[in-house]
Amino acid sequence: MKGTRSIVMFLIICIGVLSSCKNKNPKETVATKAKKPNIVFVLADQWRAQATGYNGDPNLIGKTPNLDQLAAQGVNFKNAISVTPVCTPFRAAFLTGQYPTTTGMIFNDLHLPEESVTLAELFKDSGYKTGYIGKWHLDGMGRFDYTPPERRQGFDYWKALECSHDYNNLIYYEGNDSEKKKWEGYGPYAETQDAISYIQNNAGNDEPFLMVLAWGAPHFPHATAPKEFQEQFNKEDIILRGNVADDMREVAKKEAVGYYAHILALDKCIGDLEKAIDAAGITENTIIVFTSDHGEMLGSHSIRPKQKQVPWAESVRIPFLLKYPALFGNKKIEVEAPINAPDILPTLLTLADLPVPEFVDGESMVDAITNPELKKDKATLVMNVSPFAGKSDEYRGVYTSRYSYVKTLDGPLFLFDNKKDTLQMDNLVNKPEYKQLQEEMEEALQNELNKIDDEFKPRQYYIDKWNYKLNSAGYIDYGKDSKPQGPKLNK
């Protein structure tokens, strides 16, 4: 462990030295910084990568100015991926740096074991203050139940709730008070204002802070978005992606109005956050991250709106923007190499000059920012161990900066050239002229699975492995009288 940490620290210093040589500016190296960077991590829910102005969504061009500016002045990971595109598995992977098949967190509403070593604990042990505001979805003890301090995975400041999307009647628990409280007005606005207060109260302290702001939006219900933003969209004027079937168009347009309205509201929140960081005088030494746990199909490939979990790009591709002026300045940097949920933890640790533990499955992507050629051909693993909402089979696959290849237990499902075929409509699987490419993608997939010792077995194998008890619909019960379940609880 000590040897690994020494190597990691040596590499970080090397990256810093190379960066300073290239930019002729010592302040742009992590290693020379006297104080650790603050981290403001903003996590949305069900916000697909395609639904941003800077990514060219015709419904949003010119309407998401704050995110567009963040993309123009920071790092844009253009091929960010949700390892398992559904809430709890992503969140567990983000906090632990491990894959769902490693942690056992393969469903929604599971309990992440207290003994897990997480993002907040690692930063807290290194002198950081930690805070969490918003949707948690990792306790598994009931969606509206109180989460006590010992189950908060290292977060001290706490204004959160396990799971609710009742945005205009959103409840939360504060600190050690087990009484329910209610956010005033539209929940994401109130949560953002509390995040701003946290920034203001901690900006002048000697200790750096790590704060996660986790909105529930733009996850449905879509019609509950602020009316001022819903009025900016006319259902008939919504431009759907070209892979939406005719029989889905009407319902997709209806849902899109509210979906995009939530997005405009959240873009406003991003702007308010950045203004607060700037006013506090900590912009230079603060890392801002904006991302989402998964996407939204919204009718693409004949898959109903509100659905995710499936392996198509609308579901698995997520936005991922990062800004750290002290290291990268305020210039636009676009990274082609894909970043995955388990990569987030080691990337943040590296940026803060902290060692990456041996148990982490993911890899730091800092070197892909400073030298994009280093991870240009990286393959990023996607998986759904046991689908539980909608009709879908188990799958494993890889996304690269150009291609996507996914297979089920029955064999290859699809192979797409995502640069030539952005809508994933020309399936290249088993076409003779793409035989070599398919073999290379199969090899890349097997390499990624071998790294984490996943043999890609039927879902029942994993259900039995962790002794999960599913209801008739094939998922974990989360009702009032349901018994909590988790990788350790079901042993």
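**Helix packing, buried sites and an open sheet**

Student: At what angle do helix α6 and helix α8 pack?
Tutor: Helix α6 covers residues 187–202 and helix α8 covers residues 249–279, with 10 Å between their axes. Helices (H or I, at least four residues) and strands (E, at least two) are DSSP runs numbered from the N terminus, while axes are lines fitted to C-alpha atoms, for helices over the stretch in contact, with angles of 0 to 180 degrees between N-to-C directions. For α6 and α8, the packing angle is about 10°.

Student: What kind of model is this?
Tutor: Residues are numbered from 1 along each chain as its sequence is written, and side-chain values use heavy atoms, leaving out hydrogens and water. Local features need pLDDT of at least 70 and side-chain atom pairs pLDDT 80 or more, while totals for chains, interfaces and linings use all residues, since this is a predicted model.

Student: Are α6 and α8 roughly parallel or roughly antiparallel?
Tutor: Their angle is about 10°. Under 35 degrees counts as roughly parallel, over 145 as roughly antiparallel, 65 to 115 as roughly perpendicular and the rest as oblique. The two helices are therefore roughly parallel.

Student: How many nonpolar residues are in the contact of α6 with α8?
Tutor: Contact means heavy atoms within 4.5 Å, and the α6 side includes P188, Y189 and I196, facing residues of α8 including L266, C269 and I277. Ala, Val, Leu, Ile, Met, Phe, Trp, Tyr, Cys and Pro count as nonpolar, Asp, Glu, Lys and Arg as charged, and the others, Gly among them, as polar. Alongside 2 polar and 2 charged residues, the nonpolar count is 11.

Student: How do α2 and α8 lie to each other, roughly parallel or oblique?
Tutor: Here the axes are 7 Å apart and the angle is about 55°. P65, N66, L67 and L70 of α2 meet D267, K268, I270, G271 and E274 of α8, a contact of 4 nonpolar, 2 polar and 3 charged residues. The angle makes the pair, therefore, oblique.

Student: Is N59 buried or exposed?
Tutor: N59 sits in the loop between β1 (38–45) and α2 (65–73). Buried means under 20% relative accessible area, exposed over 50% and partly exposed in between (1.4 Å probe, protein chains only). Because its relative accessibility is 7%, N59 counts as buried.

Student: Which residue's backbone oxygen does the N59 side chain reach?
Tutor: Beyond its neighbours within four places in sequence, N59 touches F233, D237, I238, I239 and Y260. At 2.9 Å, its side chain reaches the backbone oxygen of I239.

Student: What is the relative accessible area of G97?
Tutor: G97 follows α3 and has a positive phi, near 75°; its loop lies between α3 (87–96) and α4 (100–103). Leaving aside neighbours within four places in sequence, G97 contacts A92, P342, L345, V360, D361 and G362. G97 is buried, with a relative accessible area of 0%.

Student: Which strands are at the edges of the open sheet of 4 strands?
Tutor: The order is β11-β12-β13-β14, with antiparallel pairing, where two strands pair if DSSP finds at least two bridges between them. Each edge strand pairs on one side only, and the edges are β11 (380–384) and β14 (411–417).

Student: Which helix packs on the sheet?
Tutor: From one strand to the next, the sheet's twist averages 15°. A helix of residues 435–451 touches β11, β12 (395–399), β13 and β14, with its direction at about 70° to that of β13. This is helix α13.

Student: Which residue is the bridge partner of R396 in β13?
Tutor: β12 and β13 form a hairpin with 3 residues between them and pair antiparallel over 4 bridges. R396 and V398 are on one side of β12, with Y395, G397 and Y399 on the other, all buried. In β13, the partner of R396 is K407.

Student: Which residue in β14 stands opposite V406?
Tutor: β13 (residues 403–408) and β14 pair in the antiparallel sense over 6 bridges. Opposite V406 stands F414.

Terms used:
Polar contact = N/O pair within 3.5 Å; in protein donor to acceptor, adjacent residues only side chain to side chain.
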